[in-house]
Amino acid sequence: GHCQGDQVLLDSLDEVPTTRKEYEEAADKFAKEWLLPPDAYQRFLSSSLRYSKTKILAFAAEIQRHPGIVLGRLQFENLVSYGYHRELLEKVKLLFP
């Protein structure tokens, strides 16, 4: 599922979230799996304990995602420092205040 404001789009009716926390967890899970295919990401993680810029770029190209998405996930999961390969990230500006 995916949260947008107070609305949730569900992939399945098997487990309908009932609390705000459940909605957020469902949205997080959906985003993780949509942005980085789980099987490919697990293969990438198991291929090395060190995530060089070259490895991140190669994996991102393989799954056709921006390397900043891969790096952001590694950072979020505390697998690399937030200062690691920051040049792979893009500046984002707010379009709608």
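## The second largest pocket

The second largest pocket holds about 210 Å³ of space. A pocket here is an open set of points on a 1 Å grid over the protein atoms alone, where a 1.4 Å probe fits and protein lies on both sides within 12 Å along at least five of seven lines. Grid points are joined across faces, edges and corners, and the volume is the space filled by probe spheres set on them.

This is a predicted model, in which local features need pLDDT of at least 70 and side-chain atom pairs count only at pLDDT 80 or more, while totals for chains, interfaces and linings use all residues. Residues are numbered from 1 along each chain as its sequence is written, and side-chain values use heavy atoms, with hydrogens and water left out.

The lining (residues with an atom within 4 Å of a point) consists of D28, A31, K32, L35, L36, G68, I69, G72, R73 and F76. Helix α4 contributes the largest share, five residues; α1 (20-35) and α4 each supply at least two. By type, the lining residues comprise five nonpolar, two polar and three charged. In this scheme Ala, Val, Leu, Ile, Met, Phe, Trp, Tyr, Cys and Pro are nonpolar, Asp, Glu, Lys and Arg charged, and the others, Gly among them, polar.

## Overall architecture

The protein has four helices and two strands, arranged along the sequence as β-β-α-α-α-α. Helices (H or I, at least four residues) and strands (E, at least two) are DSSP runs numbered from the N terminus.

Of the 97 residues, 26% count as buried, that is, under 20% relative accessible area; exposed means over 50%, and partly exposed lies in between (1.4 Å probe, protein chains only). Among contacts (heavy atoms within 4.5 Å) with a separation of 6 or more, 44% join residues 24 or more positions apart.

## L71 in helix α4

L71 belongs to helix α4 (residues 67-76). L71 is classed as buried because its relative accessibility is 0%. Leaving aside residues up to four places away in sequence, L71 touches I56, V80, Y84, H85, L88 and L89. The C-alpha atoms of L71 and R86, 15 residues apart in sequence, are 8.5 Å apart.

H66 sits in the loop between α3 (53-63) and α4. With a relative accessible area of 34%, H66 is partly exposed. Beyond residues up to four places away in sequence, H66 touches A60, L88 and E90. H66 and E90 are 24 residues apart in sequence, with 9.3 Å between their C-alpha atoms. A polar atom of the H66 side chain lies 2.8 Å from the backbone nitrogen of G68.

Definitions and conventions. A polar contact is a pair of N or O atoms within 3.5 Å; within protein, one must be able to donate a hydrogen and the other to accept it, and residues adjacent in sequence count only if both atoms are side-chain atoms.
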